[in-house]
Amino acid sequence: MQWPTSGTVTSLIGWRTLNGQRKFHAGIDIGTGTGRPNVVAAYGGTVRVARDQGDGYGNKVVIDHGSGWETLYAHLHEIKTAVGASVAKNQLIGVVGNTGHSFGNHLHLEARLRGQTYEALNAAVNRRTGGAIRPGDPINVDFPGLGPAPSAGYFRGLALSPTTGQGFWLVARDGGVFTIGAADFFGSMGGQALNAPVVGIAAHPSGNGYWLVASDGGIFAYGASGFHGSMGGRPLNAPVVGIAAHPSGNGYWLVGADGGIFAYGAAGFHGSMGGRPLNAPVVGIAAHPSGNGYWLVASDGGIFAYGASGFHGSMGGRPLNAPVVGIAAHPSGNGYWLVGADGGIFAYGSAGFYGSAGGVTLRRPVVGVCATRSGAGYWLLAGDGGVFAYGDAPFIGNGLPFEP
Ligand SMILES: [Zn+2]
């Protein structure tokens, strides 16, 4: 499971005496001071309760994870989910508050197995070596008997070789790089120790190299792609989720799940969502072909356009069958494609619709999209290495069957 909000642990699970009464405190309290940060699901599941039941918990959300496991999130200022909703790990479910029997903004977090408090959460918190706890931080506790949360799979991203247009690189979470078609291999982090999983790849415009980015903001530069700086080892408010190369090849942008932008080299800063409230986490970035701007996309399909990049439409606020996971710019700069984890494609502006994997049964969710050089087609990559080609995109091959 993962930590559901930002704050400081103020109370653990156990017996405590309040006003002379000895009571069992069944959860972990995470104090947030004057702040009301978002609360995300610690684990995927189905929402069983999403209201104030008058029991002192205030506005609460209870998620059923199956096999008798539940997590509970209490004292919420606002509930951002509904009974029956299927939520993924890390999905927004509410906002920290001070409702019910509470004396200040805090999240009361419980995990229960068949109704019994799961005290091992204390050990998970105690194992931490200090510092603020942030969303996305893993709690090193697995719920016994529950399988791992549905995983995106092994592969995390793809990038087209910009010179050949007939090959691409796939990158895996362990930093492994796989070449498909006319794309040269320049090195990888495969087999080397990583501080954090790799989450994306961007091609150097010369076609003679690429950058990998890890969720801690670390950059690995290969071939002609130079190192222009990284967030590796520096504190982040949210994990890095994507990278886009500057068209000059002399820099890149990183984007965090909170919409924060880190600009390096020739890549200028044109604005960010960092520190502003988001309905859903940012999941990707695409550079405007002019190099003077970029689009950010959130998992609810919301688009944030900066600099020269225009707004051509979004899925923000519209119902989705699956979260949006990536974006690709049309080469004209006048549009973009969004792709959902189910392989659905949303085309805007000059970016045409050429087909999608929506409705196809996937072994692993789709993780990214990249456009052909003409802009008359695109490839989708699934987490198991499967590649889907549409429009003028030839089918060159895929990363199957690599999936450790
Ligand atoms: Zn509590």
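I looked up how strand S25 (residues 324-329) meets S26, and found that 5 bridges join them and that they run antiparallel. Strands here are DSSP runs of E with at least two residues, numbered from the N terminus, while helices are runs of H or I with at least four residues. Two strands pair if DSSP finds at least two bridges between them. The model is a predicted one: local features need pLDDT of at least 70, side-chain atom pairs count only at pLDDT 80 or more, and totals for chains, interfaces and linings use all residues. I count residues from 1 along each chain as its sequence is written.

Ala-329 has Tyr-336 of S26 as its bridge partner. The hairpin of S25 and S26 has 5 residues between the strands, and Gly-333 there takes a positive phi near 85 degrees.

I then followed S26 to strand S27 (residues 345-349), and noted antiparallel pairing over 5 bridges. Val-339 has Ile-345 of S27 as its bridge partner. This hairpin has 4 residues between the strands, with Gly-343 at a positive phi near 85 degrees.

Is S26 buried on one side or both? I found Gly-335, Trp-337 and Val-339 buried on one side, and Tyr-336, Leu-338 and Gly-340 buried on the other. Buried means that 20 or more other C-beta atoms lie within 10 Å of the residue's own, with C-beta atoms placed from the backbone. Since 6 of the 6 residues of S26 (residues 335-340) are buried, the strand is largely enclosed by the rest of the structure.

Last, I looked at residues 23-117, where the chain is 0% helix and 57% strand, with its end C-alpha atoms 14 Å apart.

Terms used: Buried ≥ 20, exposed ≤ 12 C-beta atoms within 10 Å, placed from the backbone.
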